[in-house]
Amino acid sequence: MTKKEYAKYLGDIIDEVIDLDVESDDLSDQFYGYFQAFMPNGTNLEKVFKPIKEGDLYYKRLLKIFNATKGIFNELATEGKTPAYFCPAPTKNKELLLLYGEKYIKNLTLFSKITGDQEFIDTMSQIKTVEISDLDVRTNKNDTNAIVYESISDWFIDNTDYKAIIEVLSEAYYAINCDYNLSYYLQYPSYQQKINFDVFEPYFKIWEMGYYCWFNQGKLVIGK
């Protein structure tokens, strides 16, 4: 199956009409927000991955997104609202958040060595603590977070098989919550031959608990 054939197949699965330009050089742009069509329960989601080798691995990961967010979706639906993104309810378990934060630091420290990016390695070696912020302001626009973000992005750009048909869904993954790290977690089966551990699993767990995280001045900050 070609990427164009897969794109047509994806368009046929959902009830909504996709004005698909199969001659486009970047089919993925046309599937931004595609997974929202399966809210709230992920019904028929398994069909998306049937043409994909080991597609069940992708399906099982993505289904977790629907399980984490269908409660809020149903609450909003009673008010006549439909969420544009997938957003879980925030947890009150701060101890578990701290635990996953520590695991995320450990995982990215290991991952930095895989990338071979010395600036990334040095930056992660300075991350020692986890802080939970109750403020509604994200302090993620800083040099430390920029280094981590750019180093991660560079590695994934260099190690993505853009010819693979699953890449048609790359923007659909990003559009789940406008979050590349969440997207990387969900697409881990595409990279598991190059990364022998589930590097973004703690990040996903923090997201699943209704929080977001970033780096700032020697620490990982977990906030909303």
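Tutor: The account below begins with the charged pairs, turns to a charged patch, and then follows the chain around them. The model is predicted, so local features need pLDDT of at least 70 and side-chain atom pairs count only at pLDDT 80 or more, whereas totals for chains, interfaces and linings use all residues. Residues are numbered from 1 along each chain as its sequence is written, and side-chain values use heavy atoms, with hydrogens and water left out.

Side chains of opposite charge can pair when their charged atoms come close. Such a pair is called a salt bridge when a side-chain nitrogen of Lys or Arg is within 4 Å of a carboxyl oxygen of Asp or Glu. In the whole structure, the search finds six salt bridges.

One of them joins the side chains of Asp56 and Lys60, with 3.2 Å from N to O. Both residues belong to helix H2, four residues apart, which separates them by about one helical turn. Helices (H or I, at least four residues) and strands (E, at least two) are DSSP runs, numbered from the N terminus. An α-helix has 3.6 residues a turn, so residues three or four places apart point the same way. Asp56 is partly exposed, at 42% relative accessible area, while Lys60 is exposed, at 52%. In these terms, buried means under 20% relative accessible area, exposed means over 50%, and partly exposed lies in between (1.4 Å probe, protein chains only).

A second salt bridge brings together the side chains of Arg61 and Asp198, at 2.7 Å from N to O. This pair links distant parts of the chain: Arg61 is in helix H2, whereas Asp198 is in the loop between helix H7 (180-186) and helix H8 (201-208), 137 residues apart. Arg61 is buried, with a relative accessible area of 12%, and Asp198 is buried as well, at 18%. A further salt bridge, between the side chains of Lys81 and Glu79, has an N to O distance of 3.4 Å; Lys81 is partly exposed, with a relative accessible area of 46%.

Glu119, Asp122, Glu150, Asp154 and Asp158 form a patch of negative charge on the surface. Helix H4 (118-125) and helix H5 (143-158) are the elements that give two or more residues to this negative patch, and H5 supplies the largest share, three residues. Patches are made of residues with over 30% relative accessible area and no salt bridge, with like charges joined within 9 Å and nonpolar side chains (Val, Leu, Ile, Met, Phe, Trp, Tyr) within 5 Å. The accessible areas come from the Shrake-Rupley method with a 1.4 Å probe, and for residues only the protein chains shown count as cover. Lys and Arg count as positive and Asp and Glu as negative, while His and the chain ends are not counted; the place of a charge is taken as NZ of Lys, CZ of Arg, CG of Asp or CD of Glu. Asp158, in helix H5, counts as exposed, with 62% relative accessibility.

Within H8, Pro202, Tyr203, Phe204, Ile206 and Trp207 are buried. The elements that cover these buried residues include H2, helix H3 (94-115), H7, strand S2 (212-215) and strand S3 (219-223). After H8 comes Gly210, with a positive phi near 85°.

The loop between helix H1 (3-13) and helix H2 (55-77) contains Ser28. Ser28 is buried, at 7% relative accessible area. Leaving aside residues up to four places away in sequence, Ser28 touches Glu167, Val168, Ser170 and Glu171; contact means heavy atoms within 4.5 Å. Pro40 is also found in the loop between H1 and H2, and a cis peptide bond with omega of about 0° joins Met39 to Pro40. Glu54, likewise in the loop between H1 and H2, has a positive phi near 55° although it is a residue other than glycine. Glu54 is partly exposed, with a relative accessible area of 49%.

Gly80, finally, lies in the loop between H2 and H3 and is exposed, at 69% relative accessible area. Leu110 is in helix H3 and counts as partly exposed, at 40% relative accessibility.
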